[in-house]
Amino acid sequence: MADSSFDVVSKIDRQEVDNALNQTAKEVGHRFDFKGTGADISWSGESIEIKANSEERANAVLDVFKEKIVKRGLSLKVLDADEPRLSGKEYRLAVALKEGIDQDNAKKISKLIRDEGPKGIKAQIQGDELRVSSKKKDDLQEVIALLKGKDLDIALQFTNYR
């Protein structure tokens, strides 16, 4: 009988991020506490840029954006926000999106599965994802529960379960 397997990936639903960004821009435009602060949020290439006339307002826009991200069912672990920096007369805050599992995290997850997971589980690193396979589907369920229970610094999804 063939092995059962699934993939551990870290992907971002760009449409959901875009929807959260648009909702944030709309809320920032309508809220009284943002009037006259020059607060703005927009795409800047592959990252998101927040602008405001004070450091506190830039961080407040970031908080609103995080709230919208969570409401759309995304993990806050996909966001990598810098500190607000002064640029001319306004503060700018860059928010990068983290996608994919880098080699260090893939090795850490693979070691975690080997050390704490059931016996007979194989984890292979394939680019920016991890393939986990076993003869028993119950063991794969245990590995998924194990990874969901750990506090890793990346957002994980489990795909291609067969």
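## Terms and Model

Axes are lines fitted to C-alpha atoms, for helices over the stretch in contact, and the angles between N-to-C directions run from 0 to 180 degrees. In these terms, helix 3 (residues 103–116) and helix 4 (residues 137–149) pack at an angle of about 120°, and their axes lie 11 Å apart. The structure described here is a predicted model.

## Overall Architecture

The chain contains 4 helices and 9 strands. Followed along the sequence, these elements give the pattern β-α-β-β-α-β-β-β-α-β-β-α-β.

The radius of gyration of the chain is 20 Å, whereas a compact globule of 162 residues would have one near 15 Å. Taken along the principal axes, the box filled by the C-alpha atoms is roughly 65 × 25 × 25 Å. Of the 162 residues in the chain, 39% are buried. Where contacts join residues at least 6 apart in sequence, 61% of them link residues at least 24 apart.

## Packing of Helix 1 and Helix 2

Helix 1 (residues 14–30) and helix 2 (residues 55–71) have axes that come within 9 Å and cross at roughly 135°. That angle makes helix 1 oblique to helix 2, and the crossing of the two is right-handed. Helix 1 brings Val 17, Ala 20, Leu 21, Gln 23, Thr 24, Glu 27 and Val 28 to the contact, while helix 2 supplies Val 61, Val 64, Phe 65, Lys 68 and Ile 69. By class, the residues of this contact comprise 8 nonpolar, 2 polar and 2 charged.

Leu 21 belongs to helix 1. Its relative accessible area is 4%, so Leu 21 is buried, the cut-off for that class being under 20%. Leaving aside residues up to four places away in sequence, Leu 21 touches Ile 41, Ser 42, Trp 43, Ile 48 and Phe 65. Phe 65 is also one of the residues through which helix 2 makes its contact with helix 1. Between Leu 21 and Ile 69 the separation is 48 residues in sequence and 8.2 Å in space, C-alpha to C-alpha.

## Packing of Helix 3 and Helix 4

On the helix 3 side, Ile 109, Leu 112, Ile 113 and Glu 116 meet Val 143, Leu 146 and Leu 147 of helix 4. The residues of this contact divide into 6 nonpolar and 1 charged, with no polar residue.

## Surroundings of Ala 106

Ala 106 lies in helix 3. With a relative accessibility of 1%, Ala 106 counts as buried. Apart from residues up to four places away in sequence, Ala 106 touches Ile 101, Ile 125 and Leu 130. Ala 106 and Asp 128 are 22 residues apart in sequence, and their C-alpha atoms are 7.9 Å apart in space.

## Backbone at Asn 160

Most residues other than glycine have a negative phi. Asn 160, a residue other than glycine, has a positive phi near 50°. Asn 160 is placed in the segment after strand 9 (157–159). A relative accessible area of 39% makes Asn 160 partly exposed.

How values were computed
Residues are numbered from 1 along each chain as its sequence is written. This is a predicted model: local features need pLDDT of at least 70, side-chain atom pairs count only at pLDDT 80 or more; totals for chains, interfaces and linings use all residues. Side-chain values use heavy atoms; hydrogens and water are left out. Angles under 35 degrees count as roughly parallel, over 145 as roughly antiparallel, 65 to 115 as roughly perpendicular and the rest as oblique. A crossing is left-handed if the near helix is turned anticlockwise from the far one by less than a right angle, and right-handed if clockwise. Contact means heavy atoms within 4.5 Å. Ala, Val, Leu, Ile, Met, Phe, Trp, Tyr, Cys and Pro count as nonpolar, Asp, Glu, Lys and Arg as charged, and the others, Gly among them, as polar. The radius of gyration is taken over C-alpha atoms; the globule rule is 2.2 Å times the number of residues to the power 0.38. Buried means under 20% relative accessible area, exposed over 50%, partly exposed in between (1.4 Å probe, protein chains only).
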